[in-house]
Amino acid sequence: MRMNKSRPILNSPPVGWLTFRCRILGRFVCTLLVMHASLLHAQVFEVLFAENLGQSPYAGLAQGADGHFYGTTHSGGASGLGTVFKVAEGGALTVLHSFNQTHGSYPWAALVQGDDGSFYGTTLQGGGGPWDAGTVFKIAADGTHAVLHFFDGANGYSPMGGVVQGGDGAFYGTTLYGGDNDNGTVFKVTAAGAHTVLHSFDETAGSQPHSGMTLGGDGIFYGTTAYGGDHGHGTVFKITASGTHTVLHSFDETDGDFPIAGLVQGGDSGFYGTTYGGGDHGLGTVFKITADGTHTVLHSFAGADGANPQARLAQGGDGGFYGTTYEGGAHGQGTVFKITADGTHTLLHDFQENTGAFPFAGLVQGGDGVFYGTTEYGGVASRGTVFKITAAGTHTVIHSFHDIHGGEPFAGLAQDSAGSFYGTTVGGGEDGGGTVFRTASDGTHTVLHSFAGADGFHPFSHLVQDGDGVFYGTTSAGGAGNHGTVFKITAAGAHTVLHSFSSTDGRNPKAGLVQGGDGDFYGTTSAGGAGNHGTVFKITAAGAHTMLHSFSSTDGRNPNAGLVQGGDGDFYGTTSAGGAGNHGTVFKITSTGTHTVLRSFSSTDGRNPNAGLVQGGDGDFYGTTTLGGAANHGTVFKITAAGSLTVLHSFDGSQASQPRSTPIFGSDGHLYGTARFMVVWRLRLAHATLDFAVEHPAGVERESGENVNFGVLALDTSTIPGEVVVRNPGETALSMAGVAIIGLSAEDYTLNLTGFSTEVPAGGETRFTLRFAPNGAMSGTRTAQLEIISEGAESGAFLLNLSGLALSTTLDTDSDGLNDWAEHRLAALGYNWQTAQPALVTALFDGAAAAGLHTAAQVQALHFGTPLIQRNAGTGVFTLTLGLEKSDTLEPESFQPFPVTAPQLTVNGQGKIEFHFTPGDDAAFYLLRAQ
């Protein structure tokens with residue numbers, strides 16, 4: 001499998017810090033840049049339940065000193081961007097870390113355990129910055145995760161291979177692209193995060209290394225490049241810790257092509273590896289190469305014995321080499337094989353879908369002598385497996401990556417009288433065909449039914465409950481004609497098929513049902529009908545079916561969403577495409593089939609609504625779009641019966657993404673729904689009409705939903721207070737139900753309600769104090785909401801969105817030698833806080849072009865140990881000496897615009913300019929640049 005070369009999108013540099021810069025331009029010029037935080041939504045979004053154990057484990061496993069196996073998945077997890085997991089021999093799997101865009105995303109390579117017991121690895125993408133080009137990270141066995149290095153393009157990007165620890169304790173690896181020639185690099189990174197580029201690849205000497213390197217017994221690192229070399233088919237190379245690079249072999253296709261796997265050193269000191277292609281049959285080879293470059297083909301794959309090996313070999317205790325092929329074998333889905341040093345090949349296992357398929361990664365031999373590995377696909381839900389296999393070929397699946405709770409909950413929820421929520425997942429379950437589940441208000445999750453095919457398959461629909469407490473829904477496939485079904489299910493899990501669809505009466509219903517006032521159920525099919533663009537139908541409880549409308553492209557097409565009956569008796573719904581902009585529509589239809597388009601979606605207000613609508617107490621209809629909105633991850637919207645639409649929330653992918661669910665109103669009056677990767681969310685709605693005014697601080701009136709930013713606070717300093725005034729502008733007494741802090745980080749804000757009254761006379765006011773008081777030692781942004789609830793005819797909830805950044809003066813999140821608070825101070829001065837400490841110190845010492853002036857407190861906070869300029873301990877005076885020669889025009893009188901004058905500015909006996917400062921502890925940090 002050849003990788004297509006692509007470049008990350010170049011984003012704007014990160015902003016958000018206050019920057020103070022001064023330049024020497026013959027006069028002293030200072031500029032102040034203040035970046036404002038963006039406003040948050042007026043509504044409060046919360047994730048109630050999220051579970052995903054990851055999927056597509058491209059990488060192999062590493063056995064830790066504790067006996068557990070550690071690995072990564074390329075995708076899945078809380079954000080869908082991959083995970084780090086550990087798995088016991090018995091199959092119990094624990095997710096240690098779910099990657100997000102900031103920490104890195106899509107890990108491709110295996111982990112390695114360092115001397116300190118932590119595991120080290122890379123991510124192919126993510127990490128932020130302008131390139132978003134991958135990271136090097138470390139993670140402890142308890143899940144504590146830290147980013148060591150963020151790639152930026154110039155120093156490499158997209159590290160597809162893992163790292164290996166050298167004899168000096170540092171970690172060495174490769175990047176797929178970047179460097180001087182954009183053909184990849186070899187890099188070194190210390191456990192503290194100091195990064196060095198040792199070599200930049202080019203086409204002639206090899207390019208685009210897909211794998212990590214192997215440390216040879218001679219202390220030299222050995223690896224492969226997928227392309228380049230004398231014939232353009234890849235190379236084997238070696239490189240010293242100081243960066244001396246040597247090509248050992250250039251492949252010519254007859255002896256192998258596209259070596260994307262790393263090497264393993266055998267007991268005979270030779271290095272063994274594979275090529276994805278080439279050889280006698282063009283399906284890959286196993287080869288041996290010595291440290292001086294002598295190359296031997298041991299085996300050429302022919303298809304039946306495997307094809308296209310992509311993984312590193314593992315030498316077993318018996319001296320044989322064990323590996324996998326990605327394809328080939330009896331089922332064409334990969335093999336496990338053994339090969340001896342003399343080329344004797346033995347097929348140990350043929351993969352097939354139910355036991356795992358397409359093993360992308362290699363094997364690792366456990367302490368029990370058994371080999372452990374992963375497959376990219378296959379298993380119960382076709383999301384990959386962890387398996388073990390003996391040297392004799394006995395194969396056992398010890399974990400299938402899937403969510404037994406179900407996967408991909410495209411549908412909305414229904415709430416019963418006990419407060420529990422019921423829904424469906426399109427995949428997962430015992431047979432991979434989807435589930436019906438129940439989630440209690442405390443998060444307890446129960447699978448009620450797993451679909452198997454004859455009873456339906458892949459339910460995309462939400463459920464609707466009738467007066468008897470029975471839930472009704474649809475499946476998009478399965479049933480008698482495999483065109484989908486209508487079913488009912490009890491709260492105890494008893495399931496019955498009511499109707500199996502055919503193509504003429506509609507097919508593939510992805511929508512739920514609604515029970516009309518006449519007792520019949522109304523719904524849609526995504527295809528079928530007269531125009532094959534979907535239908536609207538009604539069905540009786542006995543299963544009698546009637547088609548009401550067939551969609552065309554102009555009035556909408558492919559309605560994946562269900563209907564809701566409005567207070568006017570008409571039914572309202574959406575189509576996923578069609579309409580004026582082909583982004584989908586909102587429509588209404590009568591019980592006799594009269595159809596009207598209310599709204600055609602655009603990209604800004606959402607697009608491709610796959611969800612149905614729910615009518616609120618205000619008479620408006622609420623729904624979601626799968627894509628579009630501010631971040632193109634979908635929206636929550638409301639629309640009036642006349643077609644006026646408002647976006648309530650735009651999903652950004654950090655907590656949830658691509659909602660396909662029909663939201664519902666819970667008993668608390670707020671919206672509930674689901675999103676991708678098994679997320680259950682809630683949207684607290686802000687009331688539009690209020691009968692009181694809120695000021696923060698006094699005299700500054702706030703709007704509901706407005707953002708209040710408390711700024712940055714060191715965790716070991718005092719809290720930041722703020723006074724809130726509630727005024728009653730009306731002519732009658734105001735009664736409030738109370739004041740509360742709600743949301744994700746509510747514990748980080750405190751209220752002092754001393755003297756606060758919930759009863760405010762006409763024209764009066766009451767006050768309370770709100771404080772930003774971060775709870776805990778971890779650095780990070782703390783967001784919450786201040787909620788003030790009134791009572792009476794115009795009652796509602798007033799919400800202020802609260803945010804503040806809490807930074808630790810002791811915690812070093814990215815392990816670069818600088819604590820988080822110090823890094824914030826450096827960033828405020830214009831320095832790149834991601835630079836490792838030694839590199840930063842070197843930069844600050846780089847002559848008159850960049851000289852830092854610190855107070856004693858700043859020097860201590862930055863952990864530099866000693867000041868960068870001289871300080872008289874007795875007088876507190878700092879002396880900076882600039883290495884400039886004396887001249888007739890370079891006299892103290894010339895520098896009157898500077899904030900220092902003689903005797904603070906002098907010329908010493910060596911003809912050097914000296915500045916003498918006596919700053920207070922709150923003095924600015926000056927960045928002087930001479931031009």
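Colleague: How many helices and strands does the protein chain have?

Modeller: The chain has 3 helices and 70 strands. These are DSSP runs numbered from the N terminus: H or I of at least four residues for helices, E of at least two for strands. This is a predicted model, where local features need pLDDT of at least 70, side-chain atom pairs count only at pLDDT 80 or more, and totals for chains, interfaces and linings use all residues. Residues are numbered from 1 along each chain as its sequence is written, and side-chain values use heavy atoms, with hydrogens and water left out.

Colleague: What share of the 931 residues is buried?

Modeller: 56%. Buried means under 20% relative accessible area (1.4 Å probe, protein chains only).

Colleague: Which residues touch the most other members in the largest nonpolar core?

Modeller: I741, Y749, F768, L770, L786, I788 and L802, out of 24 residues. Such a core is a set of buried Ala, Val, Leu, Ile, Met, Phe, Trp, Tyr and Cys residues joined through side-chain atoms within 4.5 Å.

Colleague: Which strands each supply at least two residues of this core?

Modeller: β57, β58, β59, β62, β63 and β64. Another core, of 19 residues, lies apart from it; L124, Y157, F171 and F360 are among its members.

Colleague: And what does F768 touch?

Modeller: Not counting residues up to four places away in sequence, its contacts (heavy atoms within 4.5 Å) include V724, V739, L753, F756 and L786.

Colleague: New topic. How do β26 and β27 run, parallel or antiparallel?

Modeller: Antiparallel, with 5 bridges joining residues 335-339 to 345-350. K338 has T346 as its bridge partner. The two strands form a hairpin with 5 residues between them, and G343 in the turn has a positive phi of about 95°.

How values were computed:
Buried < 20%, exposed > 50% of the residue type's maximum accessible area, 1.4 Å probe, protein only. Pairing = 2+ DSSP bridges.
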